[in-house]
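Welcome! Please take a moment to look over the chain below before reading on.

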Amino acid sequence: MPTAMSVFVVLAATGAFFFATTRGALLVRALSSGKQAADAHVYPIYSNMRLIRLIDFQPIIAAILLFQYDRLVSIITHGMSRMDLRGKKALITSCAFGNVMPRVTGAAVKGGAEQVQVVDIIENELINARRKMPEFADKLAFYKQDATSVTLPDASVDANVVFFLLHELPHPLKNVVLTEAVRVLAPGGKLFLAEFHRPNVRLLRALSWTYFKVFEPLGLALWSTHDPLEALKAMPGIASVERRTVFFGNFQVVVATKAA
Ligand SMILES: C[S@@+](CC[C@H](N)C(=O)[O-])C[C@H]1O[C@@H](n2cnc3c(N)ncnc32)[C@H](O)[C@@H]1O
């Protein structure tokens with residue numbers, strides 16, 4: 001009994017901590033501020049350096065993605081390894097915790113990329129990302145920019161990786177980010193997008209639905225009205241879009257290829 005109680009207390013405290021540093025903070029922010037800033041939807045866990053350092057720890061991040069993190073990143077890096085990136089540029093649209101950024105950068109550099117660009121709306125995330133990849137310092141360029149309106153030229157990157165950004169964005173911004181991600185892609189270039197997906201097992205779907213309702217209500221639309229596969233298929237200039245789902249459909253990697 002004491003063990004069960006301890007487990008319950010730890011789980012409840014962890015849930016309360018994540019609620020306070022994600023959706024809870026956004027609710028307070030919405031009540032207290034007037035005009036909404038461009039980064040008003042960004043959780044404190046991505047803007048406060050102490051929280052970033054506390055949470056950006058591989059086992060925590062792997063657990064949040066139900067231990068599918070490694071598999072999802074591998075799908076992306078495997079796809080990149082089949083591209084000829086010699087003398088070309090890759091882009092990471094928004095930072096992410098864990099080792100996805102070093103692994104994607106490593107895959108791009110191994111494939112011959114001359115530069116990997118990183119865009120994020122939060123300066124502290126860029127500082128943290130730079131700290132995680134000292135071995136690639138001469139290949140990296142960091143830009144503090146909003147993914148809805150990046151200043152990178154049209155058709156300037158051959159691979160663009162968007163890792164679990166869409167589900168955190170207000171709905172009107174989801175398609176804008178996808179449009180920007182495609183705009184900067186060179187002919188024949190590929191967009192790799194990892195995200196949550198509607199699980200095909202009823203129990204997991206119910207648990208996932210509850211998670212989104214409590215912590216990340218902007219994510220549920222990916223199951224229906226804001227399916228990234230459908231949004232990308234409808235975009236002009238896209239030659240093909242493929243989706244791979246993993247873990248009973250709970251996660252997806254969508255790969256969109258721009259017409260050559
Ligand atoms: C990619 S998402 C979440 C990733 C995932 N949950 C993880 O493991 O870290 C979080 C990142 O997106 C960034 N971000 C959110 N909105 C953005 C925007 N409009 N433009 C650029 N970056 C944005 C945040 O600053 C943060 O670094």
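## A predicted model

Keep in mind that what you see here is a predicted model.

## Helix H1

Let's begin with helix H1, which covers residues 2-21.

How many of the 20 residues of H1 are buried? The count is zero, and H1 is hardly covered.

## Helices H6 and H7

Next, look at helix H6 (residues 69-81) and helix H7 (residues 100-110), which pack with their axes 9 Å apart at an angle of about 15°. Angles under 35 degrees count as roughly parallel, so H6 is roughly parallel to H7. Their crossing is right-handed.

Which residues make the contact? From H6 come Val73, Ile76, Thr77, Met80 and Ser81, while H7 brings Val100, Arg103, Val104, Ala107 and Ala108. Sorted by class, the contact of H6 with H7 has seven nonpolar residues, two polar ones and one charged one.

## A closer look at Ile45

Now find Ile45, which sits in helix H3 (residues 44-47). Is Ile45 buried, exposed or partly exposed? Ile45 counts as partly exposed because it has 18 C-beta neighbours inside 10 Å, whereas a buried residue would need 20 or more.

Leaving aside residues up to four places away in sequence, Ile45 touches Thr21, Thr22, Leu51, Ile52 and Ile55. Val119 is 74 residues from Ile45 along the chain, and the C-alpha atoms of the two are separated by 18 Å.

Key: Residues numbered from 1 in each chain as written. Predicted model: local features only at pLDDT ≥ 70, side-chain atom pairs only at ≥ 80, totals over all residues. Helix = DSSP H or I, 4+ residues; strand = E, 2+ residues; numbered from the N terminus. Expected span 1.5 Å × (residues − 1). Buried ≥ 20, exposed ≤ 12 C-beta atoms within 10 Å, placed from the backbone. Axes fitted to C-alpha atoms, helices over the stretch in contact; angles between N-to-C directions. Parallel < 35°, antiparallel > 145°, perpendicular 65-115°, else oblique. Left-handed = near helix turned anticlockwise from the far one by under 90°. Contact = placed C-beta atoms within 7 Å. Nonpolar A, V, L, I, M, F, W, Y, C, P; charged D, E, K, R; others polar.
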